[in-house]
Amino acid sequence: MPDDASMPSPTADPIDVWAEAMVDFRDAAARAPWHHPSVLPGWSVADVVAHVTWIERAQLGRQDPPHDPDWSALPHAKEGFGRITEVPVDLRRSRSREEVLAEFDETMADREVALRALRAADPGPVLSPLGTMMPLDDMLAMRIFDTWVHEQDIRVAVGDPGHLGTAPAHMAARRMRGALGFVWAKKVDAPIGSTMQVRVTGPGVSFTDTIVRSADGKGRVVDQVAEPTVELTMSFPDYVALTCGRGPADVVIDGDAELAQRTVERFNIAP
């Protein structure tokens, strides 16, 4: 069962949780060594701030000036999505800490105003950072997840653990848990009728989820079973690392060893 001590109220506006996620992210980034490497290859703390700022600026319809990085100096930036996200980060590398944080502050203040105006207008589907249309609350859940994970990218790298049980943490966990069926059925391609049980022991968020690959090939949440085909037990930070492709995670494996190893190898849902 989830540890719900800091879970957002069912009636909480996700805009409020988004705002909390942005404040928490900024606080963690502002007190970290600015050029310290983050968990993400090739990116410093400053780069992670630039990335989050860029996404929210784009959601406001604000475009950066053209910029052509020296790709030979950026071997971590692979083709496709990796290079798309690298351009705005590299653009901001010549700016001071104060300039980057000031842009973040201005962007988030304006973005919150825009989000609350959207809520009042009841717009229906809105444009997501991926270029798809989705309900406003789904888009906010995506942004809360991404921002909270990037906060952890900074905290883990600089040895500043925290914010594992906040409202943004719980919303991020909810999004990660929602992908378990996809992982089991599509990424792992588990046999029909097989079950995966994931036990997350905290701190901050704890739960046990059981997924079965049903006859229609989809992964579905079911009640706990006494002898799942695969059982994975880990802490919440290790669950985040495994789900988001943030390096090795300490996972206790029980059940079908080959299938469990395949599951661990394919658990990442991050782009």
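Guide: In this predicted model, two strands are taken as paired if DSSP finds at least two bridges between them. Strand β4, residues 206-213, is joined to β5 by four bridges, and these two strands run antiparallel.

Visitor: Which residue of β5 is the bridge partner of valine 212?

Guide: The partner of valine 212 is arginine 220 in β5. The hairpin of β4 and β5 has five residues between its strands, and there glycine 217 takes a positive phi near 90 degrees.

Visitor: In what order do the five strands of the open sheet stand?

Guide: The order is β5-β4-β3-β6-β7, and the pairing is mixed. Because β5 (219-222) and β7 (252-255) stand at the edges with a single partner strand each, one side of each is left without a neighbour in the sheet. From one strand to the next, the twist averages 20 degrees.

Visitor: Which strands does helix α7 touch as it packs on the sheet?

Guide: Helix α7, residues 180-187, touches β3 (195-201), β4, β5 and β6 (230-234), and its direction makes about 35 degrees with that of β4. Helix α8, residues 236-243, lies across β3, β4 and β6, running at about 120 degrees to β6.

Visitor: How should I read the backbone angles, and where is proline 203 placed?

Guide: Most residues other than glycine have a negative phi, and most peptide bonds are trans.

Visitor: How much space lies in the largest pocket?

Guide: Rolling a probe the size of a water molecule over the atoms shows where empty space is left. In this model, the largest pocket holds about 1,100 Å³ of space. It is lined by 37 residues, of which the closest to its centre are His51, Phe81, Thr85, Asp146 and Pro271. The elements giving two or more residues to this lining are α2 (45-59), α3 (81-91) and α5 (136-158), and α5 supplies the largest share, six residues. By class, the lining residues of the largest pocket divide into 21 nonpolar, 11 polar and five charged.

Visitor: Over which residues does pLDDT stay under 50?

Guide: Where pLDDT is low, the predicted coordinates should not be read in detail. The protein chain averages a pLDDT of 95, with 96% of the residues scoring at least 70, whereas pLDDT stays under 50 over residues 1-5, for which the model has 12 contacts beyond four places in sequence.

How values were computed
Residues are numbered from 1 along each chain as its sequence is written. This is a predicted model: local features need pLDDT of at least 70, side-chain atom pairs count only at pLDDT 80 or more; totals for chains, interfaces and linings use all residues. Side-chain values use heavy atoms; hydrogens and water are left out. Axes are lines fitted to C-alpha atoms, for helices over the stretch in contact, and angles run from 0 to 180 degrees between N-to-C directions. Contact means heavy atoms within 4.5 Å. On a 1 Å grid over the protein atoms alone, a cavity is a set of points where a 1.4 Å probe fits but cannot get out, and a pocket is an open set with protein on both sides within 12 Å along at least five of seven lines; lining residues have an atom within 4 Å of a point. Grid points are joined across faces, edges and corners, and a volume is the space filled by probe spheres set on the points. Ala, Val, Leu, Ile, Met, Phe, Trp, Tyr, Cys and Pro count as nonpolar, Asp, Glu, Lys and Arg as charged, and the others, Gly among them, as polar. pLDDT is the predictor's confidence in each residue, from 0 to 100.
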